[in-house]
Amino acid sequence: MSWTITPAHIDGLARGAAVLGTGGGGDPYIGALLARQALTSGDVTVVGLDEVPDDALVLFVAMMGAPTVMVEKLPSLAEVIEPVKALSVHLGRPVTHIACAEVGGVNSTIPIAAAAALGLPLVDADGMGRAFPELQMVLPTLYGVTASPLAFSDEKGNTGVLQTADNSWTERIARVACVEMGCSVMISGFSMSGSAARESLVAGSLSRCIEIGQRIATAREEKSDPVDAVVRLLGGRELFDGKVVDVHRATTTGFARGRARIDGDADRSLTLQFQNEHLVAEADGTVLATTPDLIMVLDGESGEPITTEGLRYGQRVRVIAAPADERWHSDAALAMVGPGYFGYDMAAHRFDGSISTGTVSAGATA
């Protein structure tokens, strides 16, 4: 069933997206500003995957780069829609639907801005069910959907279209361009039909973001525990409760990379490793959870999600984990987004601490 996004939805949606963004996806506040600006010209119609025609042309719209940079390098609406326009010209046909590549932070609200500015419907779905740092790390890759042709643009008026051998090459080449263009660009790609979108995307992502945001707001109003409300909604568990005592963070090769240490009671300590998104959570030498399941940091009292660029010394936080879309636990997916891909010599640990065996099938690797 279709529904409409209005400015009243934006705060809750952005908050929920920041939760699912696992620390990455960009500052949701910036994306919310863009979305509100675009919605002044009219609301956006959101359609379910089952409402997208088989012959539709669906495109992802997203920010590529380091979230730490985007805080200071604000995009304009013209920059957001330029890649879509360039890709439509390149493909020789009109775009019919916009979709989110990831349901994390700014990349859940930038597509709203694009849809509003272009007068196109937005699909209630995304390519991950969370956020990941690299362009090829979307479920459509497992179903043979190609990232290229991929269009990109920056605030200086530079626009380009890439045609590459595979999705990993799209990431490698686009990342170099992104670094040269200031470590933050707008992109559009993964052109797919309606039938391919139904097969490969995670359904109901935007609705889920709004629900998460509403649960946090309701818990605050009722003076109950907003963190517990999120844990129950996502079917996850709380990993740790403590104070941020150390953060090492640097923007390198187009990513925000680093680690954070959180100290708790009884001399317990938890370490988070991140590359834009949280990848590994370890407490006193024991692995609690890893990518591809979701590792999220929330304010200890308000339940407000805290991004990796927002982590600061002295914050009282609670770290939670939740299950990812099951397709991320296939052999092909773990090879693409498991801890081994990021250089961690450990097995993938699910949110509950169990080892992921990687036996689930998910499409065909591109």
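1. Disulfides. In this predicted model, the count of disulfides comes to 0, where a pair of cysteine sulfur atoms would have to lie within 2.5 Å to qualify. C100 takes part in no disulfide, and the cysteine sulfur nearest to its own, that of C209, is 7.8 Å away. C100 is also buried, since its relative accessibility is 0%.

2. C178 and C183. For C178, the closest cysteine sulfur belongs to C183, and at 5.9 Å the two sulfurs are too far apart for a bond. With a relative accessible area of 0%, C178 counts as buried.

3. Geometry of the helix pair. Helix α1, which covers residues 7-20, and helix α2, which covers residues 28-39, have axes that come within 10 Å and cross at roughly 155°. Because angles over 145 degrees are classed as roughly antiparallel, α1 and α2 are described as roughly antiparallel to each other. The crossing in which α1 passes α2 is right-handed.

4. Residues at the contact. On the α1 side, the residues that meet α2 are P7, I10, D11, A14 and A18, while on the α2 side P28, A32, A35, R36 and L39 meet α1. Sorted by class, the contact of α1 with α2 comprises 8 nonpolar residues and 2 charged residues, with no polar residues. The charged class takes in Asp and Arg, and the contact list includes D11 in α1 and R36 in α2.

Conventions. Residues are numbered from 1 along each chain as its sequence is written. This is a predicted model: local features need pLDDT of at least 70, side-chain atom pairs count only at pLDDT 80 or more; totals for chains, interfaces and linings use all residues. Side-chain values use heavy atoms; hydrogens and water are left out. Buried means under 20% relative accessible area, exposed over 50%, partly exposed in between (1.4 Å probe, protein chains only). Axes are lines fitted to C-alpha atoms, for helices over the stretch in contact, and angles run from 0 to 180 degrees between N-to-C directions. Helices (H or I, at least four residues) and strands (E, at least two) are DSSP runs, numbered from the N terminus. Angles under 35 degrees count as roughly parallel, over 145 as roughly antiparallel, 65 to 115 as roughly perpendicular and the rest as oblique. A crossing is left-handed if the near helix is turned anticlockwise from the far one by less than a right angle, and right-handed if clockwise. Contact means heavy atoms within 4.5 Å.
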